[in-house]
Amino acid sequence: MLLVTLEEGIAGMRCVKALQLTLAVVKPDAVAHPLILEALHQKILENFIIVRKKDLMWRTEESEKFYAEHAGRFFYQRLVEFMSSGPMRAYILARKDAITHWRGMMGPTKVFRARFTSPDTLRGQYGLTDTRNTTHGSDSIESAKREISFFFPEFNADEWMLREEPRFRLGLT
Ligand code: ADP
């Protein structure tokens with residue numbers, strides 16, 4: 001029989017995070033279509049706690065900075081111009097395994113591949129081209145932290161977690 005003291009149980013609960021944060025962005029191609037934007041919003045509501053939501057538009061410099069890791073690649077200029085071509089919607093989302101869950105909902109980067117291998121994903125359903133592929137999502141804990149600060153500099157993730165995670169465990173969120 002496995003016996004765990006109350007202290008050990010509480011310590012274990014503190015280590016295993018019930019909630020994870022991720023950054024999700026609805027890109028200009030999807031925001032331009034109100035029905036697609038609404039469909040994406042509904043799917044997000046069904047799957048996540050929406051922590052913050054913001055509609056915004058980038059200048060070219062912000063687009064270049066956010067995608068600096070792709071500088072020099074053949075699609076970089078196209079990507080930078082596209083991401084500053086119209087309004088976007090950014091979300092901070094929370095749930096267990098938020099990063100992989102949202103990436104799974106988005107589907108593969110390349111729309112042609114998404115259409116054929118994962119037609120039920122957001123990119124499979126609504127993506128137009130490899131660049132205009134509806135959504136962005138952080139791909140690691142580190143990038144989620146960095147990208148959340150990029151879009152929501154005023155948001156304090158540690159503070160939010162400390163306050164909300166115990167409430168979530170108790171079913172209050
Ligand atoms: P993801 O958005 O799936 O994390 P990446 O980080 O590799 O993918 O790329 C960032 C964005 O750059 C993609 O979402 C897409 O808009 C664009 N992109 C990536 N690869 C290509 C490509 N081969 N052709 C055109 N655009 C691309």
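1. Basis of the model. This is a predicted model, in which local features need pLDDT of at least 70 and side-chain atom pairs count only at pLDDT 80 or more, while totals for chains, interfaces and linings use all residues. Residues are numbered from 1 along each chain as its sequence is written.

2. Overall layout. The chain has 10 helices and 4 strands. Helices (H or I, at least four residues) and strands (E, at least two) are DSSP runs, numbered from the N terminus. In sequence order the pattern reads α-β-α-α-β-α-α-β-α-α-α-β-α-α. Along the principal axes, the C-alpha atoms fill a box of roughly 60 × 35 × 30 Å.

3. Burial and contacts in the whole chain. A residue is called buried if 20 or more other C-beta atoms lie within 10 Å of its own, exposed if 12 or fewer, and partly exposed in between, with C-beta atoms placed from the backbone. Of the 173 residues in the chain, 27% are buried. Two residues are in contact if their C-beta atoms, placed from the backbone, lie within 7 Å. Among contacts between residues at least 6 apart in sequence, 68% join residues at least 24 apart.

4. Strand E1 and its partners. Strand E1 (residues 20–26) is mostly covered, with 6 of its 7 residues buried. Two strands are taken to pair if DSSP finds at least two bridges between them. E1 runs antiparallel to strand E3 (residues 88–95), and 7 bridges join the two. Within that pairing, Val 25 stands opposite Ala 90. E1 also pairs with strand E4 (residues 135–137), again in the antiparallel sense, over 3 bridges. Here Val 26 is set opposite Thr 135.

5. Helix H5. In helix H5 (residues 76–83) the buried residues are Leu 79, Val 80 and Met 83. They line one face of the helix, because their directions fall within an arc of 95 degrees when seen down the axis of H5; the arc is that of the directions from the helix axis to the C-beta atoms. An α-helix has 3.6 residues a turn, so residues three or four places apart point the same way. Gln 77 and Glu 81, on the other side of H5, are exposed. The buried residues of H5 pack against helix H2 (28–31) and helix H4 (60–66).

6. Surroundings of the ligand. Phe 75, Leu 79, Thr 109, Asp 130, Thr 131, Asn 133, His 136 and Asp 139 surround the ligand. A residue is counted here if its C-beta atom, placed from the backbone, lies within 6 Å of the molecule. This shell divides into 2 nonpolar, 4 polar and 2 charged residues. In this scheme Ala, Val, Leu, Ile, Met, Phe, Trp, Tyr, Cys and Pro are nonpolar, Asp, Glu, Lys and Arg are charged, and the others, Gly among them, are polar. Leu 79 belongs to the shell and is also one of the buried residues of H5.

7. The UniProt annotation "binding site", from an unreviewed entry, covers Lys 27, Phe 75, Arg 103, Thr 109, Arg 123 and Asn 133. UniProt positions are given in the numbering used here, feature names are shortened, and annotations may be inferred rather than shown by experiment. Lys 27 sits in the loop between E1 and H2 and counts as buried because it has 23 C-beta neighbours inside 10 Å. Asn 133 is in the loop between helix H8 (122–126) and E4, and it too is buried, with 24 such neighbours inside 10 Å. Leaving aside neighbours within four places in sequence, Asn 133 is in contact with Thr 109, Val 111, Arg 123 and Gly 127.

8. For "active site", UniProt lists His 136 (unreviewed entry). His 136 is found in strand E4 and is buried, with 20 other C-beta atoms within 10 Å. Beyond its neighbours within four places in sequence, His 136 is in contact with Val 25 and Lys 27.

9. Backbone points to check. Asp 97 is not a glycine, yet has a positive phi of about 50 degrees. Asp 97 is partly exposed, with 13 other C-beta atoms within 10 Å. Thr 134 likewise has a positive phi, of about 70 degrees, although it is not a glycine. Thr 134 is placed in the loop between H8 and E4 and is buried, with 27 other C-beta atoms within 10 Å.
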